[in-house]
Amino acid sequence: MSCLETVDLVHHYSSGEKVLDNINIHVNEGSIYGFLGPNGAGKTTTLKLILGLLKKQQGIITIFGKSFESNRVAVLKKIGSLIETPSLYAHLTAYENLSVLRKIYQCPRENIHKSLDVVGLSHTGGKQAGQFSLGMKQRLSIAMALLNDPSLLILDEPTNGLDPNGMIEIRELLRQLNKNTGVTIIISSHLLAEIEKLVTDVGIIHKGK
């Protein structure tokens, strides 16, 4: 069954340059979909359109079998995402960061402990997020994306800047998450060797095509 589908997505920036040229993506439910392409190929633009962070200009986006335009709020409630740089409060602990977000999501308090357990950050106590290593910050960002128990998780270059050990940790975390909860994961990357160790399906984008 299809979890996400885009048909002929086209996007121009104000300069008139075509950033996306008829992008067609099909992501099956329960899969780990690798969205692969070099920097500047259009990966982040595509994911922003899927999440409604950019206004769609042309094409069709269907998520969970529903038109995104007509069902935006209901669809977004079932999606967790990490796009570009993690938005963390450096002066707050991991728990406090999730507490702030929980009030926005209006989800159960136990989701905080559950999300921190999943990403292996339940032991950080009073340590502020600003003191975290890059790998820990990435894991906290993934915990934030998991807070609302999403059916679809969209991660834009989640291993960017990590050392080899950090990459392995995130890869294993995502694999276990998919296996244990059945969440569909879309992960973008420019690293072929990294992606092929994790994904069940792959889509390749190059110069917006």
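What radius of gyration would a compact globule with 209 residues have, and what does the protein have? I found 17 Å for the protein, which agrees with the value near 17 Å for such a globule. I took the radius over C-alpha atoms, and the globule rule is 2.2 Å times the number of residues to the power 0.38.

A note on the source: this is a predicted model, where local features need pLDDT of at least 70, side-chain atom pairs count only at pLDDT 80 or more, and totals for chains, interfaces and linings use all residues. Residues are numbered from 1 along each chain as its sequence is written, and side-chain values use heavy atoms, leaving out hydrogens and water.

Next I looked up the elements and found 7 helices and 9 strands. These are DSSP runs numbered from the N terminus, with at least four residues for helices (H or I) and at least two for strands (E).

I then checked burial: 48% of the 209 residues count as buried, meaning under 20% relative accessible area with a 1.4 Å probe, protein chains only.

On to the cores, which are sets of buried Ala, Val, Leu, Ile, Met, Phe, Trp, Tyr and Cys residues joined through side-chain atoms within 4.5 Å. The largest has 35 residues, and Leu140 is among those with the most contacts inside it. Helix H5 (134–146) is one of the elements giving it two or more residues, and H5 supplies the largest share, 7 residues. I also noted a second, separate core of 25 residues, including Tyr33 and Ile154.

How values were computed. Buried < 20%, exposed > 50% of the residue type's maximum accessible area, 1.4 Å probe, protein only.
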